[in-house]
Amino acid sequence: MKTRACIIFLILLSSAMMLKSQYFPNPSFEGPAPIPNEPPPGWEKCSGSPDTQPGVWDVPTPPSNGISYLGICWLPSWIERVWTELENPLKQDSCYLIQVDLAYFHEINYYGIIQSTFPMRMNFHSSTSLCQEGPLLWQSPLISHTDWQTYEFVIDPEADIHNIVIRSYYDSPNMPADIGYILIDNIRVITPPDIDLGPDTTICFGDTINLNAGSGFGTYLWQDGSYDSTYNAYLPGIYYVIATTDYGCTVIDSIEITQSPIIELGQDTSFCKGDTLTLTPGPGFESYLWQDGSVDSLFLVWEPGFYEIWVQVTDSAGCSNSDTVSVEILNDTSWVFLGNDTILCDGSGLLLHPGTYYEYLWQDGSSDTAYFVTDPGTYWVQILDDCGFASDTIQVDFYPPVEVTLGNDTLLCQGDTIFLSPGDEFVSYLWQDSTTNQVYFAVLEGQYWVQVVDENGCTGVDTINIASESPPAVYLGNDTTLCYGTEFTLSPGEYQGYLWQDGSSDSTFVVTEPNVYWVLVAGNCGFATDTVEIEFYPPINLDLGADTAVCTGTTLQLEAGPGFTDYLWNTGATGQTLLVGNSGAYWVNVTDIYGCSASDTVLVEFFQGVDLELGEDTTICMGESIILDAGFGFLFYEWQDGQTGQYYTVYQSGNYSVYVEDFFGCSGSDEIFVFVSEPVVDLGPDTLICGNQSLMLDAGEGFVSYLWQDNSASHTYEVTESGIFWVKTTNEFGCLAYDEIEVGKYPFPVADLGPDNGFCAGDTLVLSSPLGPFDYYWNGEPGNNEILVTEPGTYTLIVANPCDSLTDEIYIEEYPVPVIDIGTDEVLLPGTSITLQAGDGFDTYIWQDGSGQSYFVVSENNYNIDNPYYFVEVSEGPCKNSDSVKIDYFYVWVPEVITPNGDGKNDIFKPDMERWNGINTHHMQVFNRWGERIWETENFPAGWDGKRNGKPVADGTYYWILDVYFGPENLQKTLKGSLTVLGTRKQ
């Protein structure tokens, strides 16, 4: 199934797309032009007075396509709209690209008054009925260009669109005083190309099918994320592609691919020793080939071991495939062993693993494949696989834990010894240095450990860390003098405790003032103290001043001050002062006699002088303007006419100058000469040519280029046909001049009514003359090229136009019409016939079957049940007449099935009244299958609703008997049949 979607967007494109089908009855607004106050054919006027252009109100723009286009205007009290019914509706959930050509003309000549027009918009609405404005489908931008430009938009209708309304629109709150006008031409509807991946199909295993989405799309997206226009499919599955056009419409198609043949030997499996397994790929294949060369459709596995079994098959379509399956013969599970009973050392464990089986059940209800023992007790497991159950038990005990300790980590002062011993109750000892004595003497810092073994062979380990430390010593440094404003941190090192001269106890002390400082420190092996005196040099006074700004062309001297031993500026200078001539940040670093230093920075900005440039002298075209820009950021502007803004708009030729001043008092000026070029071209007044005459139009010499309406480029143009002819010229400055002329071409008139003629009484006769650009006068009265003659007599025609005038005359006679009557409507009864008489004396007879006698006999043998109407046409001289009758045939039609479920469809058992003819009276009876009469009536056309005593009868078959009485003799006939009743349970 294919679906379409789209993303709505609006872009302006220069290239046109192919028109796929006709939707608008007159998409190019073609019609006689010009016609004021009327739209072109195919478009209905809804409000206002739309115009068929060009030429109305002196709008000269030639059509974008064809010979005419539509012009509509807008005023707050005058909104023009047109409506049309589409020849083909825009379908729901389809995607369409709409193109329309739009233009604007800046003025109109409204009954001799030249009125300026302003740009406006076009609204494109759907419509449900004549001139009914529905939802907005698209709104154009403000159209202010006088040349035709193509606009595009996409429609994705939520419901079928049968009608379109086009209206003028203006949405600015600042309403112009003049009229708005917009030109519309050449509406096109483009639908995206279609995609057909083909019907669902089947391929042989290993084959590939190429899926082609076709051309004409911008992007493609397949189900796996690939984006080529084609896709190679070799696996079964559903494949789809989403193709998107360059304008955003998408088309989707999918295909399901299956593979043949499908082979499935099943999953890898196993079975117990002594059993067998039968493998089969399934029936319906023409040939089989197993791994051992056998060709049967079945394969029997019975020997122990590991099998790799494969099969190759071929189906009736010639496709082949293969499959493999692994089959394992399971080992004997008649026994399982967890190991001998055992005793473990404390802290150790035992992993019980009975082997690999399907199911496990341990003594605590767990079902893991293994069990880790950490406590004494009795442990058992019961296992299950495809071949049965088995179980085993083991007893596990633990020796008491080995307890050994060397004491806590400790400190060893320099010159001391520590005695280490785990006790004398162990069988063996091992120290970290591989000695095996019970006692160990530690005289150095480090980590010591011992491993012992008790009488059960169980081990124990303990470790002790011993740190060594010397008596403390502290040094705060030499007495010193610091530069003013610096900080100095006294740090004696790491000890257990500190006491400073001010009673503080931090590990460091920050010095900010001159004083005598001391500290007392405490270590693990004693105390120590030290003293230091700190003094400060006087502070440095350095200030370059505040940040400043000066004008370009001056200099600034920066002063660091006297009394320093060294000066260093960021420029590399080393003097006390620095002369600055450029913008930037300037700093200096000074050093005093004590070696102390300080720095300061100042920001200096130099403003540039006025840089003013209005540009080179230039030329513009009449109607254009140029904006002169004196530049941004000046404090004062003054143009040659006293205006004081940054910008100045020039419309006329002349010299233009400006004077400016900036915030620092700097000034500047510039001037420019602007020339306005106004070329003129004149093709002369509108005129006409007759017959095969021609007219030479001359645009004059002296222009750089010429462009006529047919894209020719000479300064002259020969006119041989009627139309509007225009020329655009360009002078050496690129300025345009335009003029147009309307030339009418008239053929020489023709007036020829032929020989004298006549018509039959009651008929009419049309006299006509060739249609063309003529004035017609019948018997002295103006008219068109035809006249309807209803009376005999002489008729005179005058045909005239600006080229000539001709006259012709004809006499018209009236002929009598024959009178014909073949009788009234009748009913044809069984065994009878009806003779229809047309009468004698006519020249010809033609009956409905083409026969030509004066009468026609209707019987059962030639009766046409599908067309019961009989007629004859007779002629007498040049005139003809006809008559007809309806002959109904005795016929009864009774339905075979009814569904009285209340849905209004086929609920009633009754005859077809169009086939219930010739019956005088009747009697209808309905019976069930047991012969019970459940309904009867003398008014069968009223019908039976399938109920008995007010309740629906059961679904099933019923039988009816109908006695009918017909004809003048009231003959009787009995008809019988069956009736099936369905759907009564839904009532």
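These notebook entries record what I looked up about salt bridges and disulfides in this structure.

**Entry 1: ground rules**

I am working with a predicted model, in which local features need pLDDT of at least 70 and side-chain atom pairs count only at pLDDT 80 or more, while totals for chains, interfaces and linings use all residues. I number residues from 1 along each chain as its sequence is written, and the side-chain values use heavy atoms, with hydrogens and water left out.

When I traced the two residues, I found arginine 81 in strand S7 (residues 81-90) and glutamate 133 in the loop between strand S11 (121-127) and strand S12 (136-139), so that the pair links distant parts of the chain, 52 residues apart. For the element names I note that helices (H or I, at least four residues) and strands (E, at least two) are DSSP runs, numbered from the N terminus.

Which residue forms a salt bridge with glutamate 133 at 3.4 Å between the closest N and O atoms? I found that it is arginine 167. This pair also links distant parts of the chain, for arginine 167 lies in strand S14 (residues 161-169) and glutamate 133 in the loop between S11 and S12, 34 residues apart. Taken together, Arg81, Glu133 and Arg167 are linked in a network of salt bridges.

I then looked up accessibility, where buried means under 20% relative accessible area, exposed means over 50%, and partly exposed is in between (1.4 Å probe, protein chains only). Arginine 81 is buried, because its relative accessible area is 17%, and arginine 167 is buried at 14%. Glutamate 133, with 27% relative accessibility, counts as partly exposed.

I next turned to arginine 948 and glutamate 932, whose side chains meet in a salt bridge with an N to O distance of 3.9 Å.

**Entry 2: disulfides**

A disulfide is a covalent bond between the sulfur atoms of two cysteines, and the cut-off used here is a pair of cysteine sulfur atoms within 2.5 Å. The structure holds eight disulfides, and I followed some of them through the chain.

Cysteine 95 and cysteine 249 form a disulfide with sulfur atoms 1.7 Å apart, and the link is left-handed, with -70 degrees about the S-S bond. Cysteine 95 is in the loop between S7 and strand S8 (96-103), while cysteine 249 is in strand S21 (residues 249-260), 154 residues apart. Cysteine 95 counts as buried at 1% relative accessibility, and cysteine 249 is buried at 0%.

Cysteine 345 is joined to cysteine 458, with an S to S distance of 2.1 Å. The torsion about their S-S bond is about -90 degrees, so I recorded this disulfide as left-handed. At 25% relative accessibility, cysteine 345 counts as partly exposed, whereas cysteine 458 is buried at 3%.

Cysteine 760 and cysteine 879 form a disulfide with sulfur atoms 1.9 Å apart. Because cysteine 760 lies in strand S64 (residues 757-760) and cysteine 879 in strand S76 (residues 879-889), the pair ties together parts that are 119 residues apart in sequence. The link is left-handed, with -105 degrees about the S-S bond, and I found cysteine 760 buried at 10% relative accessibility and cysteine 879 buried at 0%.

Definitions and conventions: Salt bridge = Lys/Arg side-chain N within 4 Å of Asp/Glu carboxyl O.
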